[in-house]
Amino acid sequence: MIDVYTPSVQFIGHMEFENTQSASNAPPEWKRRWIDRRNRILANPAFQKWASALWPFSRVARGHAAHLFDLVAGFTYSQTLFASVEADLLGLLAKGPSDAGAIAIHCDVSRDGALRLVRAAAALGLAEEVSTGWWMLGQQGAALHANPGAQAMIRHHKLLYADLADPLALLRADRKEETQLSRFWHYGEDGSDDKAAAYSELMAVSQAMVAEQTLAAHDFSRCASILDIGGGHGAFASALAAQHPNVRIGILDLPPVLDGTARRLESERLKDRITLHPGDFFHTPLPKGYDCITLNRILHDHDDDAALALLKSLRAALQPASRLIIAEPMSNTPGAQGMGDAYFGLYLWAMNSGRPRSMLEIGTMLNEAGFKSWKPAATRQPVIASVIVSLT
């Protein structure tokens with residue numbers, strides 16, 4: 001019988017290891033020749049002119065051209081998004097129609113600057129001109145305004161943009177050199193309560209998106225007790241407690257983080273439902289007695305040696321027939337390659353720690369750590385998170 005927790009051949013077929021292949025894994029000659037010929041055709045000005053004039057090729061050509069322009073203009077799109085969130089343009093437009101004068105006052109820019117901003121926002125679907133000179137939220141703006149987690153990450157991107165001002169310099173630098181992101185995320189090194197609070201607040205508002213995907217992907221009612229490693233202010237644990245009132249829940253995180261967690265849980269009347277375990281999951285013995293452990297956006301924050309050491313510690317803390325749930329954006333995920341490899345690839349590089357991994361890479365690490373088997377659990381939005389379920 002096939003173990004349902006072992007990935008099928010069909011599933012593994014589209015998952016690949018990254019960048020460490022030997023010469024024996026070089027592409028076959030026929031494939032190299034085919035891709036080379038395809039690229040020469042696509043780069044030929046005569047072909048481009050022909051394709052742009054003949055239906056249905058013209059439609060495909062326009063799509064490729066638009067996609068290429070989006071890559072060129074992407075930074076201005078991101079900055080338009082950042083400005084719209086930072087100046088609370090979306091909050092103003094959510095209240096009703098606004099003209100340039102009202103936008104200028106609310107966003108603290110000139111009238112011409114307000115028009116430039118709202119027109120740029122409209123081009124991205126964030127705003128919509130409902131009559132001449134009057135603006136309201138667009139479809140994308142309405143969805144974003146209702147998502148505080150996404151807005152928090154957009155504001156946080158100011159640090160990432162600073163680190164990516166010269167991306168080649170960043171990639172050439174020693175990863176031990178301090179960056180804007182590393183200063184923010186490595187809050188635990190100096191035990192700063194302020195840094196821990198800022199970190200945990202960001203995690204709490206953005207973690208709701210991951211929690212939604214994880215809870216929909218796996219049935220946690222089969223677990224009697226669940227320990228959330230690096231659970232921050234308890235966004236995932238709180239959502240778990242709401243869905244599964246009979247499950248015993250714990251959170252392990254650094255003491256400065258859990259100070260804020262305790263206050264949050266008390267305000268939500270969850271203090272008696274969720275046990276807090278102060279500690280560092282790399283250096284503190286992990287609590288035992290839980291039959292399920294969750295890692296929500298934790299593993300990809302750490303380099304391979306540290307990630308494998310953590311998985312081995314988790315395996316030692318779990319009894320037989322227990323499970324580990326890993327949820328995070330993953331590399332080489334069909335339909336979400338941009339998020340997994342482009343966004344998180346550079347984000348984690350700028351953070352000076354970790355990397356996105358494919359499901360197969362994580363599965364190989366799980367096997368090396370002593371887990372018996374693993375399988376993917378489909379999520380509704382893999383661009384937010386993919387999920388792996390592993391059994392001891």
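In what sense does helix 9 pass helix 16, left-handed or right-handed? The crossing is left-handed, meaning that the near helix is turned anticlockwise from the far one by less than a right angle. The model is predicted, with local features needing pLDDT of at least 70 and side-chain atom pairs pLDDT 80 or more, while totals for chains, interfaces and linings use all residues. Residues are numbered from 1 along each chain, and side-chain values use heavy atoms without hydrogens or water.

**View 1. Crossing of helix 9 and helix 16**. The axes of helix 9 (residues 148–163) and helix 16 (residues 337–350) come within 10 Å and cross at roughly 70°. Helix 9 is therefore roughly perpendicular to helix 16 (65 to 115 degrees). Axes are lines fitted to C-alpha atoms over the stretch in contact, with angles from 0 to 180 degrees between N-to-C directions. Helices are DSSP runs of H or I, at least four residues, and strands are E runs of at least two, numbered from the N terminus.

**View 2. Residues in the contact of helix 9 with helix 16**. Helix 9 contributes Met153, His156, His157, Leu160 and Asp163, and helix 16 contributes Tyr343, Tyr347 and Ala350 (heavy atoms within 4.5 Å). These residues divide into 5 nonpolar, 2 polar and 1 charged.

**View 3. Arginine 269, with positive phi**. Its phi is near 60°. Arginine 269 sits in the loop between helix 14 (255–267) and strand 5 (274–278), and is exposed at 79% relative accessibility (over 50%, 1.4 Å probe, protein chains only).

**View 4. Arginine 297, with positive phi**. Phi is about 55°. Arginine 297 lies in the loop between strand 6 (292–296) and helix 15 (304–317), and is buried at 12% relative accessibility (under 20%).

How values were computed:
Angles under 35 degrees count as roughly parallel, over 145 as roughly antiparallel, 65 to 115 as roughly perpendicular and the rest as oblique. Ala, Val, Leu, Ile, Met, Phe, Trp, Tyr, Cys and Pro count as nonpolar, Asp, Glu, Lys and Arg as charged, and the others, Gly among them, as polar.
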